[in-house]
Protein chains: 2
Amino acid sequence: MRAGPYERHRELLSSVGRAIAAGESRRPFTEATCRDAADAGMRSARTGGKVFRSLLGRPFELGQPGELGRVRTESSPYGLALAIDYPRCDPAELVAAAGSAAAGWRAAGPYERAGLAVEILRRLNTRSHELALAVHHTTGQSLQGALRAAGPRAQDRALEVVAQAFAESERVPADLRWMSAERGGQPLEGSCSLVPRGVSLLVGCPDFPLWNGYPGLFASLVTGNPVVVAPHPRSVLPLAITVRVARQVLAEAGHSPDLVTLAVAEPERQVHRRLATDPSVRIVDYTGTARFADWLEQHAHQATVFANRTGLNTVVVDSTDDYRGLVRGLARASCRCSGTVRTTPQNILVPERGFSTDEGHKTLRDLGADLGDAVDRLLAHPARAARELGAISADEVRDALTDAARYGPVLHASGPVDRPDLPYADLRSPLLVRLRACDERVYTHEWPGLVSFLVGTDSTSHSLALLRRTVGRHGALYASVHSTDPLVLAAAGTAALDAGVHLVENLDDLPADPSSALAELPDSGAHFVTGRFRVVRSRRHATPVTPVPAPAPVRLEIAADLVDV
Amino acid sequence: MRAGPYERHRELLSSVGRAIAAGESRRPFTEATCRDAADAGMRSARTGGKVFRSLLGRPFELGQPGELGRVRTESSPYGLALAIDYPRCDPAELVAAAGSAAAGWRAAGPYERAGLAVEILRRLNTRSHELALAVHHTTGQSLQGALRAAGPRAQDRALEVVAQAFAESERVPADLRWMSAERGGQPLEGSCSLVPRGVSLLVGCPDFPLWNGYPGLFASLVTGNPVVVAPHPRSVLPLAITVRVARQVLAEAGHSPDLVTLAVAEPERQVHRRLATDPSVRIVDYTGTARFADWLEQHAHQATVFANRTGLNTVVVDSTDDYRGLVRGLARASCRCSGTVRTTPQNILVPERGFSTDEGHKTLRDLGADLGDAVDRLLAHPARAARELGAISADEVRDALTDAARYGPVLHASGPVDRPDLPYADLRSPLLVRLRACDERVYTHEWPGLVSFLVGTDSTSHSLALLRRTVGRHGALYASVHSTDPLVLAAAGTAALDAGVHLVENLDDLPADPSSALAELPDSGAHFVTGRFRVVRSRRHATPVTPVPAPAPVRLEIAADLVDV
């Protein structure tokens with residue numbers, strides 16, 4: 001007898017689940033890649049490249065219902081002719097097909113669902129290079145960055161969500177037993193069932209389509225909700241491949257492939273807004289700017305919205321015993337954001353009068369100059385530059401680079417970066433602008449792309465007050481603090497809790513960015529999983545009723561006196 | 001040394017938590033009441049009566065900030081002069097005071113918070129009779145019903161929520177340990193903190209202010225959110241007493257009493273709507289009609305809304321081996337709803353051509369006649385009538401009784417019920433109207449009060465299809481099925497899952513109603529608790545960094561060929 005999908009992946013699921021509960025992390029996909037012999041990696045890279053090439057210039061077939069025509073919305077910022085036509089399907093038909101498939105998927109139960117989710121991830125894992133090339137050529141991310149954001153690390157992130165969703169489902173007690181409170185305390189029994197909310201919508205991220213898309217996709221699937229995946233028009237291919245793999249796995253296991261569908265259309269058709277307000281769509285996942293997150297919360301009333309606001313990622317500099325590391329880390333981060341969804345820091349808050357370091361007192365001006373130099377050094381090194389810098393794929397980023405330079409002294413100007421091997425790519429160095437604390441109007445705006453602000457404050461207390469207020473109001477993926485003073489670290493911890501934001505302390509690397517060493521844990525809170533289902537109970541007599549003496553009735557004799565007070 | 005609140009209640013909390021995880025139920029407050037000697041019960045009833053009387057005709061003091069004046073909105077449907085003046089406080093000031101108290105409450109941690117929540121419940125327990133009289137005289141519920149809905153059973157329901165919220169908080173791993181994925185796999189450490197969402201608003205229920213109010217109030221408090229309690233103007237006193245007790249317990253423990261405040265105002269001031277859309281209010285709890293639940297979801301964008309829609313509680317009759325029990329249970333339930341928030345069934349779906357019973361085949365006409373007789377018998381028995389029937393406290397209910405009678409043949413007319421001991425109370429017998437399945441427009445409307453419809457359907461399959469559609473669309477607190485056929489029970493189970501509703505099988509008693517023996521478990525899903533907080537992480541180096549050999553880099557060599565495909 002062939003083992004079911006759950007049996008095949010049981011060990012993996014439970015070990016990841018145990019690690020999460022213990023506050024640890026397991027990364028089986030990443031670890032397997034590291035163990036691979038170099039020639040195996042080379043082989044799978046070659047295969048991935050071949051498969052990727054075979055997708056170009058062709059219709060991408062999914063076999064979905066409601067196909068109305070074909071649509072092509074992507075172009076490679078590296079000048080590669082993608083020319084892939086996706087099916088444009090009627091969004092209402094996709095939602096209806098998902099709805100029809102829902103009852104069977106609910107009935108499959110959490111074991112089967114989690115097992116199939118792992119199976120999907122396992123297959124995606126074998127296509128990591130193909131997915132990375134798809135991300136590279138649609139988002140403009142560097143190849144290295146794309147492999148991190150689309151490969152084993154993204155799969156491990158998804159696997160943690162699968163394990164968490166499975167663990168939460170398993171925690172619902174299957175059987176209920178209790179005694180009715182009165183009428184002789186009859187024994188009752190019942191059962192608990194997990195009821196998925198309904199059709200789930202994943203609004204794709206233009207810059208990190210898989211990294212930011214997998215958590216919601218897999219959380220919904222494992223908790224029993226079909227998912228309509230609506231990629232950003234600039235980056236369809238990575239999610240299209242993912243959807244095709246998911247549909248194959250589901251169909252092979254005898255489930256309806258329409259549990260996972262792709263909704264893509266010309267931008268003017270506003271397919272995201274149409275889907276997000278469809279009465280049958282009950283869950284929406286989105287990572288990106290606060291603007292669209294606000295729109296979702298104001299218009300998608302019928303749905304639970306899981307919006308991860310990129311917001312104002314902020315670094316507070318108070319003091320450091322590794323000045324070079326600090327400068328290097330910030331320089332690297334400032335090069336990394338070539339897209340519109342910002343995972344790198346935007347606001348670097350530094351006391352105007354400077355701060356102490358292992359290399360003596362440094363002023364804000366020193367930091368600005370050193371940061372500019374570090375950026376230039378990094379970009380002068382072809383291999384390192386190639387690793388960090390992506391190609392710009394949106395006019396919005398170009399405009400921001402021009403616009404932001406007008407608000408303050410430019411510490412590092414953004415200019416073209418030539419790479420003879422990438423003649424078609426628009427590569428630019430980051431812009432670094434100095435602002436004053438009173439320029440809040442400028443730095444509380446969410447800027448896309450390679451724009452960072454060095455904001456002078458009165459003191460670290462002032463910096464922390466700004467962090468609390470600006471991040472508390474506009475959100476952020478994380479905050480970061482550099483200090484050698486335990487009191488400052490404690491105050492920063494409190495400020496981060498007040499603002500409700502993740503904090504990293506004295507780490508050069510920054511989370512949220514898939515290229516960071518810290519970015520393993522998917523975004524947090526059991527709510528991310530438990531908000532996708534309800535628990536419904538059924539109850540009945542446990543056994544034929546045998547009368548039992550009733551407890552003494554509760555006395556309320558005083559009451560009669562009172563009525564006519 | 002005096003034990004902290006957590007230490008004092010640790011045993012209780014963990015035993016209740018274990019019971020929930022195992023699918024069982026513990027009811028320590030109810031059990032203690034049952035064990036009480038009759039004279040102890042009598043004594044506490046007398047004390048409760050005295051304290052209740054001492055509240056009448058006086059200003060109710062709470063010592064809250066922002067007091068603008070005094071307000072009186074209640075009147076007893078039993079003719080008792082309540083004449084209690086509550087402070088009318090500026091809602092914005094209450095929210096601001098709650099916000100200021102929030103950081104201290106967050107810092108208190110889940111142990112302290114859960115301990116104090118149990119302490120509040122323990123004190124409320126000693127005032128069960130006072131609270132029951134407050135519910136009786138504001139909602140019109142019978143004394144017996146009020147004691148169930150306001151006394152030990154309501155406290156046990158709250159205690160389950162406290163234990164659940166505490167267990168969910170405890171499950172957040174305090175310490176994180178992991179290795180960064182690259183750059184030599186540095187050991188990292190971190191911590192997880194529970195970040196409460198913010199100020200919580202409880203919108204009071206006019207008919208079951210404590211039963212429906214406690215779950216949200218205590219879930220928010222234990223997860224660290226301050227609560228503004230905004231009672232329905234018709235029933236302020238039960239929640240006002242609760243708020244005063246909570247404030248006392250909090251202040252005695254050195255916390256700000258403004259963590260729990262009462263917001264009451266004349267209805268025309270729309271204090272609920274103002275509070276629900278206040279930008280600082282981040283959680284709203286509400287149990288009641290779908291109409292206001294929809295309003296909340298459409299307007300309180302800034303908040304997570306926990307709306308429990310009373311909707312269309314529905315009974316499907318297919319067959320029974322206890323016809324008398326069935327008729328008696330329905331007769332009792334139809335007498336129980338004298339208010340506007342409906343916990344009793346509205347729609348009873350029965351095949352037109354009848355159904356089989358232990359007393360032979362019964363037509364829908366038989367059931368209607370027997371149900372009418374059973375109601376008359378019940379109301380002819382003074383003590384039983386007094387137990388079930390409440391006084392009508394809203395014109396809305398009177399209008400419904402007149403209005404509903406026009407839609408179909410009246411199987412039991414609603415008429416006045418005289419009770420010489422309650423000369424001022426408007427007591428009426430229930431209205432029972434026969435409808436056809438095609439009268440969907442009538443029975444999908446949510447009717448208040450003593451209105452039940454006997455809806456004739458083509459078959460049980462038809463009944464289940466109606467259940468699926470109407471309850472799926474309009475919600476319900478529960479559905480109920482009577483059948484001796486396991487296949488029908490299985491089909492009903494699936495229909496209930498499709499509609500996302502709790503189901504009781506072959507039980508005369510109906511849940512949701514505090515007067516029911518089934519109504520122990522608070523409304524379900526971990527989401528009710530986990531949706532009230534986020535988890536925020538901090539991360540740092542675990543130990544001074546010692547370089548470790550980096551794993552082999554992942555190969556992507558194929559890529560270079562591809563760029564110039």
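## Helix α7 of chain A

Helix α7(A) covers residues 152-171, 20 residues in total. Its first and last C-alpha atoms lie 28 Å apart, close to the 28 Å expected at 1.5 Å a residue. That expected span is 1.5 Å times one less than the number of residues. Helices are DSSP runs of H or I with at least four residues, strands are runs of E with at least two, and both are numbered from the N terminus. Of the 20 residues in α7(A), 18 are buried (20 or more other C-beta atoms within 10 Å of the residue's own, with C-beta placed from the backbone).

This is a predicted model: local features need pLDDT of at least 70, side-chain atom pairs count only at pLDDT 80 or more, and totals for chains, interfaces and linings use all residues. Residues are numbered from 1 along each chain as its sequence is written, while chains are lettered from A and ligands numbered from 1 in the order in which they are written.

## The mixed sheet

Ten strands form an open sheet with mixed pairing. The order is β3(A)-β4(A)-β19(A)-β18(B)-β17(B)-β10(B)-β11(B)-β16(B)-β15(B)-β14(B). Strands pair if DSSP finds at least two bridges between them. β3 (175-179) of chain A and β14 (410-412) of chain B stand at the edges; each has a single partner strand, so one side of each lacks a neighbour in the sheet.

β3(A) pairs with β4(A), residues 187-196, in the antiparallel sense over 5 bridges. Arg177(A) has Glu189(A) in β4(A) as its bridge partner.

## Nonpolar cores

The largest nonpolar core has 184 residues (buried Ala, Val, Leu, Ile, Met, Phe, Trp, Tyr and Cys joined through C-beta atoms within 7 Å). Val162(A), Val284(A), Val162(B) and Val284(B) have the most contacts inside it. A second, separate core of 72 residues includes Leu330(B) and Leu435(B).

Methods:
A residue is buried if 20 or more other C-beta atoms lie within 10 Å of its own, exposed if 12 or fewer, and partly exposed in between; C-beta atoms are placed from the backbone.
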